[in-house]
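The sequence and structure come first.

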Amino acid sequence: MAETSVPKALDGLTISKTKELRGTEKRDTLIEIEKKYQQKWEEEGIFEVDAPSTADYPLESITPDELRAKYPKFFGTIAYPYMNGRLHAGHAFSFSKIEFHTGFARMQGKRCLFPQGYHCTGLPIKASADKLVKEIEMFGRDFERYKEEDEEPVVVAQKGPKEDHSKFNAKKGKAAAKASKAKYQFQILHSIGIPLEEIHLFADPQYWLQFFPPECKKDLTNFGARIDWRRQFVTTDANPYYDAFVRWQMNRLKELHKIKFGKRYTIYSIKDGQPCMDHDRGEGEGVLPQEYTALKLKVLEFSPKAAEALKGKIPEDASVYLVPATLRPETMYGQTCCFVGPALKYGVFKASEKEYFIITERGAKNMAYQGIFAQEGVIEKAADVQGSDLVGSLVNAPLSFHSQVRVLPMDTVLATKGTGVVTSVPSDSPDDFAMVTELAKKAEFYGIKKEWAELEIFPIIQTPTSDLLAPYLVKKLKISSPKDAKQLLEAKELAYKEGFYQGVLKVGDFKGEKVEVAKPKVREQLIKAGLAFAYSEPENKVVSRSGDECTVALMDQWYIDYGEESWRAVASEYVANKDGNGLNTYTADTQHAFKGVLDWLRQWACARTYGLGSKLPWDPHFLVESLSDSTVYMAYYTIAHWLHKDLFGREKGKGDIAAEQMIDEVWDYIFCRTDLSEDILSKSKIPRATLEAMRREFEYFYPLDLRVSGKDLIPNHLTFFLYNHIALFPREYWPKAVRANGHLQLNGEKMSKSTGNFMTLDDVVKKYGADAARVALADAGDGISDSNFVEDVADNTILRFYTNKEWIEETIKDDQLRTGELNTFQDALFDNEMNALVNEAKKHYEETSYKLALKAGHYDFLNARDSYREACTAAGIPLHKDLVMKYVRLQALVLTPIAPHWAEYVWTEILGEPQSIQFARFPEVPAADSALTAAREYVKTTSSNINSAEAVQMKRMAKGKQGDFDPKKPKKLTIFLTESFPAWQTKYIDLLKEVWDPATNTQKIDDKELNGRIAKMGEMKKAMPYVQVLKRRLRDGEPVDVVLARKLAFDEKTTLLAMIPGLKRAAGLASIQIVVIEEGSKKGKDLTNDNEEVDVTAPVAESAIPGQPSFFFENV
C-alpha cells in the first residue's frame, strides 16, 4: 500500500543548481584508489595514536613538558556535529582545517590526535521525533493517508539499499523546477534519502542516535579523515560514561560557585514549557532578552468609541492602564502624548483584581511569565479594542510636565515590538517629533483635535548639540514626514548615542547628572512609586525547533554566571594574549569578536526539562542544556577508548572500567586537579596503573592545540569553551588556539536547500572523489570572511590528478631520460624552483594558509614541471631522470596533507615505498639559490613580455590597424640588453638604501610615505616601476648588497643565449639576435654572432636596463 501511494508532493525533485558532470571514467579511477587506501589505513589503524606508555616512562619519572618535548604532539578538534541529519559541505569546510593541520603535523613528526564525537543533547531530536509521532497518527505509519496540499515539491530518495541514502530520482517538468519546501518532518527526512517505510522508526528519539552517527563516520571516512575512531561517543545519558563526565563537570562548576540559582530573564517557549537556548532554536540564534521599563498610563477618560467597546466588560472600580514599554525612562519628563497603532487590535488584560492593561497579545504573552499578572502563566483577556477606537482617550503621564496627555494614532507602531503602545517624547525622539508635527498639520485627516498634538515641548536633556535634540536633527536631516524612514533611523541613532553618552539631565530629582548615571535612578524611582514595572521580551524574533514563537520568562533557574567580574577578567586577559602565552586566534577579527562577546555575555541558563541530555546531579528533574554539556568534552576524548569500545558505552574499553566507577574524584585525578590517594583507589576500585595510564593520556595530549569552528559559535560555544576550561583546569591545560572560519558558499552563492544550491559531504565526495573535494575546500579560502567552494575547481582537479598520475607512470619508464650531471640552465632552474616551492608550501602550511599552500605545492609545482618539459623540448634534450624522480617524490609529499590518497598511490605504487606516506616527513630541501631564482623570474618575465607583444600585434591587425610586423609571416626578434644602469636611477637606489632594513629584509616606512617621497623626486612614471622591481628582488631573497649595488644576481647574457631555443619554439621565430648596447651609443655587439659590432637604430633599444631587456620584431 505504502509503495503505491507515495504522495504526489513527494514525486518531484528540485532541480539542483549544482554542476552536472559529463564523463566520470577518470573520477572513478581515482575513487577506486581512494577506497583502497581508506580500507588499508583503517585495517592498519594508522590514525590510532596513544600517549607514550607509563610502562616505558613511569608517570612520575618525567614531566608532561619533557615528554612532549621528547615526543611532540598535536591535538585538534572541531565542534562535534549535531546528529539530526547528514553532514553538509559547510561541515566539511571546518573539518578540512583540522584535517589539513593534522596531516601536516604528522609530517612534522608529531603524534597527532584527531578524535570525533556526536552531539545529541537538547531539543531538536526530541522535538522532531515528537512531530513524527503526531504525523504518524495523522497519516499512517508509512504516511499513506497524506494528501497533497498545494505544496512545493520536495526531494525524493531513490528506493534502494540503505548505503545509498544520497541518491535521488530526478523528475523533470515545471513542478520540479520549484524550490523544495518540506512542511512535515517526514518530508524532511525523506528529502535526505530515508525511505518512507523506515521513517516511522525516527519517532523514537533514541533511533536518531543509532542512525546518524554511523552515517557521519562513513562520510568522514570516505572523505579520508585522519580520525582515531576508537574515541568516538554520543552525548546524553545514552552513554553512561559521558553522562558521568558531564555530572562531574556540573558538580565542580557548582562547587566553584560558577553555577547559581535565582530569578532571571530567559528566552522561553510556552509550548515546550522551558527555556529555549541557542541550539533549541529554528530561528533567532544569539537573540537575548531585552529589558524595558513598562510605564503605567492610567486611563482618565476613554474616547467615546473605546468606552462603548468596553462597556460592561471591565469592573467599574477597576483601574485601566495603557502600558508603553520604553528603553529611555529618563526622558519621561517630556511626554506629550501616547501613540497606538490604529490598525492594531489590542486586548484588555487582567493584571490583578483591580488593574487591567491595554497591550497587544504578544505583550501579554511575555508578561504572563514574568510575575506581572496575578497568576503565573495565566492570561485573562477581558475584551478586545481596536487601536483607532482608543484615539482621543485621556491618560495620566507619570513624571511628565504634562500630567494628562491624549492617545494619538501612529501608523508605524508595530505589534511585534514592545507592547504595541508607545509613549511620545518629541524633545528627544526624532520619530515622535516627526509624528506630532504631522498630526498637528493634518489633524482633521487623522480625526483628532489639533491642540492634542501641540502640547509644549520642554527641554529634558542638554547635549553638546542642543537641549531639544530631536527637533534639531529632524530639521538638519531635512525630515519632512514620518515616512522618511531612512533619515529617521539615522536621526534616532544619533539622538540616542549623543543623549546617552554626552547628555546631562536638565529636570527632575536627578537634575545635573549625566544621563548614563541618571537613567537607572529614574527607572528605580518610577518602579518604587508603582508608576512602572520591569518588562522584558526577545530583542528579535525567536522560534523554537518545535515551531513556537518564544517569549521571555522570569524564572527560577540554574545558570552559569558567565561575565562574573573575576572570571571574565581572566578570560579577557587570556584572549588578549599580550605575552604570547594566551589564546592564538590567528586573526585580529577573531580576537576582536571574542573580546566583544566577553564584554556583553552574562548569565546563561544551563538546565531544561525537555529534550535529551544528562540530568543535573543535584536537581535531576532538570537536564543539562546542549551548550553547557559541550564545553570541555575535548578532555573526554583523551581517555574515551580506555572507558568504552562503542558509541554508547555498552562494551568496556581497554581500562575494563564500569561507568559507575567513574566517580567525580576519579575525573579530578585524571584531569590533574588532584593527586592520587588511597581514598580514590578504594572508592573507585580502579587499579592504580589504569588511573595513571589515563592521566598520562590527558596530560600528554592536553592542552588542546587547535579548536576549529564556524565564526557563528564565538558568541556562545567557543566563549563557553574558554570560560569552562579556565574554571576547571590548571592554566597549562587551557586551549592554545581557536581558528574561526566564515560560512561556506557554493559556487559563489549562499548554500540553501530551498534554492537547490546545496550539497551534503556525501554528495560532494561521491560526485568528485575525496581528494578533489579536499582540494576545492583548500582552495575555498582561509579567513574569517565567507569562503567559496567552487565545483569547477573540484572537477578540474580530477583531470589534473589523473593526467599527472598518467604522466608520472609513463615518464619514469622512459629509458631515454638523461642521467649524469645537471646542466646549468633547464635542470638548474627547475631543481631550484622545486626547492623554492617546497619551502614556500611549508611556510604556508605552518601559517595554516591552505589556499596558498595548495598554490605553491600543486598549481605552481605543475607549472614548474610543464615549463621544464617545454624548455627541454625546445633545447632538444630529454628530461633528467634525477629531476623527474625528485619531482614525483616532492609532489607526493607536499600534497599529502591535502590530497593523501593520490599521494599514497604515487608513494607506494609508483615509487615503491614500503611504508605509508602517512608516516613520511615533510621534505627538507636546500634553500632556494637567489641567483637561480632571479634567473628563473627573468626567464618567465622576459618570455611573457615577448609573447604578449606578439599577441597585441595580432589584435591590432584583427582590428584593421597597421603594425610594425605581420606575426603570421616569417619574423626575426632582436633583443637589446645593457650592462650599465641609467644615471637617473642613482637617487632611487640611495632612497632604498635609506628605507630598507637588511636585518629584517623589510621596509622601514610604509608604502604611502615611500611613494610620496618618490613623487617629490620627479620621474614618477618611470621611477615607480623601477623601485617596485628592486623591492621585489629584495623580498625574493636576493642579497641587499647585490640589488642596491645595481648588480644582477645572474649572468643576463648567458641566460638570454640559453633562452633562444625556447623563444624560437614558442613564438615561431625564424631567427633571434641579441645585442648588447651602451647608454648613448648607436653601436652594439651581437652576442649571437661572435660579438660582431652592429648599428643600433631602433628607438626601443634605449629603454633597455640590466634585468629588463627591450626588443622588437621585424619580418624577414
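The protein chain exposes about 47,900 Å², and carbon and sulfur atoms supply 50% of that area. The model is a predicted one. Its C-alpha trace spans about 120 × 80 × 70 Å along the principal axes. The chain holds 37 helices and 36 strands, and 56% of its 1116 residues count as buried. Of the contacts with a separation of 6 or more, 76% are between residues 24 or more positions apart.

The chain carries 150 positive and 162 negative charges, whose mean positions are 3 Å apart. Side chains of opposite charge can pair when their charged atoms come close. In the whole structure, 77 salt bridges are found.

Asp782 is buried at 18% relative accessible area, and Lys97 is buried at 0%. Glu833 belongs to helix α28 and Lys940 to helix α32, so their pair joins parts 107 residues apart in sequence. Glu833 counts as buried at 10% relative accessibility, whereas Lys940 counts as partly exposed at 37%.

A network of salt bridges links Glu48, Asp50, Asp228, Arg230, Arg231 and Glu697.

Lys955, Arg956, Lys959 and Lys961 form a positive surface patch. Lys959 lies in the loop between α32 and β30 and is exposed, with a relative accessible area of 65%.

Technical notes. Residues are numbered from 1 along each chain as its sequence is written. Side-chain values use heavy atoms; hydrogens and water are left out. Patches are made of residues with over 30% relative accessible area and no salt bridge: like charges are joined within 9 Å, nonpolar side chains (Val, Leu, Ile, Met, Phe, Trp, Tyr) within 5 Å. Accessible areas come from the Shrake-Rupley method with a 1.4 Å probe; for residues, only the protein chains shown count as cover. A salt bridge is a side-chain nitrogen of Lys or Arg within 4 Å of a carboxyl oxygen of Asp or Glu. Lys and Arg count as positive and Asp and Glu as negative; His and the chain ends are not counted. The place of a charge is taken as NZ of Lys, CZ of Arg, CG of Asp or CD of Glu. Helices (H or I, at least four residues) and strands (E, at least two) are DSSP runs, numbered from the N terminus. Buried means under 20% relative accessible area, exposed over 50%, partly exposed in between (1.4 Å probe, protein chains only). Contact means heavy atoms within 4.5 Å.
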